[in-house]
Amino acid sequence: MIHVRPERFLQDLHTLRQFGAAGVGKGVVRPAYSHPDIAAREWLAQRYEEAGLEAHFDPVGSVWGLAKGPSLLVGSHSDSQPEGGWLDGALGVICGLELARAAQEAGGPPVSVVSFQDEEGRFGVTTGSRVWSGATDLKSADRLTDTHGLTFADARARMKHLAGGFVDYKRFTGFLEAHIEQGPWLHEAGEAVGVVTDIVGIRDMRICFEGEQNHAGTTPMHRRKDALQAMARFQTLIADRFRNVVTPQTVWTTGHVDVHPGSHSIVPGRCTFSMQWRDGERERLDRMEAIVRDAAGEVAADGGFSVSISDMVGLDPVPMDARMQAALGEAAEDIAPGRWRRMQSGALHDAASVARLMPVAMLFVPSINGISHAFAEDTKESDLVTGLRVMGSAVERMAVAFAA
């Protein structure tokens, strides 16, 4: 039987936080391929070796701790947002380390560990796991750039002295990822863990309205072709038309707006903005896309604007494996009876990429006040330990299920 050691787990989690510690509270700045990120991965490799695993870096910088023979893969990522918290990704990696170590001490079942590179999307979307899973080929990934123009190829070259080949996915029976919820539901309900049913699909595009740049003091309102106002009307239209399509779990966001030329005294001639929406059903995502495109065209036609829409980035919903979900649910009921739920993930995770290759499952622990991607991100240590114990019990159940 796997006996996890919570004090060892928490100590490692706090040690990992020191790589890139910043800001107030438990903030972390550890973007992919930064000095703190690479140092953290080298530290993880050392811990893997100490746990009796084979440490291995792949060509993109994901760091693996490999058990001998077929094994369950457990992990997440250790890179952070530009201003992130100490648990996003790191929790899953250190859960994997502790479970692998405890499994080695117990004589099985074997557990391997991974910290995927660039999950947070400095260069793409879950870049390391997407390349490993074959969703993105390495040649295409190498052309990706960050906001400063640095290419993925040049960034990963910083780790070329560590890099070996890609790990064969066939050595793993499945992938298990622990993560903070990054939302408010578990915290508000006072629940300990969430068993993830599926990861939502995402659609993402850029829209640009072009009107007529003109003098802000002399152009009458009825003569204006204000591109910012076109964007505002578009937002009102889609909010109204989504109402009969969406569910309470559906979300949509305009996260970036670029108004040109951006002067107090000029009527904006161009407005470019992002448009992203997420839902657990592909059909609903497609219906929302039709509404977005129709609304943009209608606003342009009515106001005399031109409109252009970028290629869309689309990721379909990813269901979690039924057997692995069942194992997590049984373990949760044993360890936190009545204090767990099944729930959807509104955030993207490495498990979505890995699902191309093998069965996957995820477990959530609460985020205090639902905060993540911020220095204030935190979770009670008692909840972290409960999540670890549920994971440990589930690993044993999964070993039996996969052997059957």
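In which loop does Pro109 lie?

Analyst: Pro109 lies in the loop between helix H3 and strand E4 (111-116). Helices (H or I, at least four residues) and strands (E, at least two) are DSSP runs, numbered from the N terminus. The model is predicted: local features need pLDDT of at least 70 and side-chain atom pairs count only at pLDDT 80 or more, whereas totals for chains, interfaces and linings use all residues. Residues are numbered from 1 along each chain as its sequence is written, and side-chain values use heavy atoms, with hydrogens and water left out.

The peptide bond that leads from Gly108 into Pro109 is cis, with omega near -5 degrees. In general, most peptide bonds are trans, and most residues other than glycine have a negative phi. A cis bond is also found from His260 to Pro261, with omega near 5 degrees. Pro261 belongs to the loop between strand E10 (257-260) and strand E11 (266-267).

The backbone of Thr126 deserves mention here as well. Thr126 is in the loop between E4 and helix H4 (127-133). Its phi is positive, about 40 degrees, although Thr126 is not a glycine. Because its relative accessibility is 3%, Thr126 counts as buried; buried means under 20% relative accessible area, exposed over 50%, and partly exposed in between (1.4 Å probe, protein chains only). Gln182, another residue other than glycine, has a positive phi near 70 degrees. Gln182 is placed in the loop between strand E5 (172-180) and helix H7 (185-189).

We now turn to H3 itself and its neighbours. Two packed helices are described by the angle between their axes and the distance between the axes. Helix H2 (residues 35-50) and helix H3 (residues 90-106) have axes that come within 10 Å and cross at roughly 15 degrees. Axes are lines fitted to C-alpha atoms, for helices over the stretch in contact, and angles run from 0 to 180 degrees between N-to-C directions. H2 and H3 are therefore roughly parallel to each other; angles under 35 degrees count as roughly parallel, over 145 as roughly antiparallel, 65 to 115 as roughly perpendicular and the rest as oblique. The crossing of H2 and H3 is left-handed. A crossing has this name if the near helix is turned anticlockwise from the far one by less than a right angle, and is right-handed if clockwise.

On the H2 side, the contact with H3 is made by Trp43, Leu44, Arg47 and Tyr48, and on the H3 side by Val93, Ile94, Leu97 and Arg101. Contact means heavy atoms within 4.5 Å. By class, the residues of this contact are six nonpolar, no polar and two charged. In this scheme Ala, Val, Leu, Ile, Met, Phe, Trp, Tyr, Cys and Pro count as nonpolar, Asp, Glu, Lys and Arg as charged, and the others, Gly among them, as polar.

With 8% relative accessibility, Arg101 counts as buried. Its side chain is joined to that of Glu98 by a polar contact of 2.8 Å. A polar contact is a pair of N or O atoms within 3.5 Å; within protein, one must be able to donate a hydrogen and the other to accept it, and residues adjacent in sequence count only if both atoms are side-chain atoms. Apart from neighbours within four places in sequence, Arg101 is in contact with Arg8, Asp12, Arg47 and Ala51. Arg47, in helix H2, is in contact with Asp12, Leu97 and Arg101, again leaving aside neighbours within four places in sequence. Between Arg47 and Asp12 there are 35 residues of separation in sequence and 9.2 Å in space, C-alpha to C-alpha.

H3 also meets helix H12 (residues 381-403): their axes come within 10 Å and cross at roughly 50 degrees. That makes H3 oblique to H12. The crossing of H3 with H12 is right-handed. Leu91, Cys95, Glu98 and Leu99 of H3 make the contact with Leu384, Leu388, Met391, Gly392 and Val395 of H12. Seven of the residues in the contact of H3 with H12 are nonpolar, one is polar and one is charged.

Finally, Phe9 is placed in helix H1 (residues 6-17). At 0% relative accessibility, Phe9 counts as buried. Not counting residues up to four places away in sequence, Phe9 touches Leu91, Ile94, Cys95, Glu98, Leu384, Val385 and Leu388.
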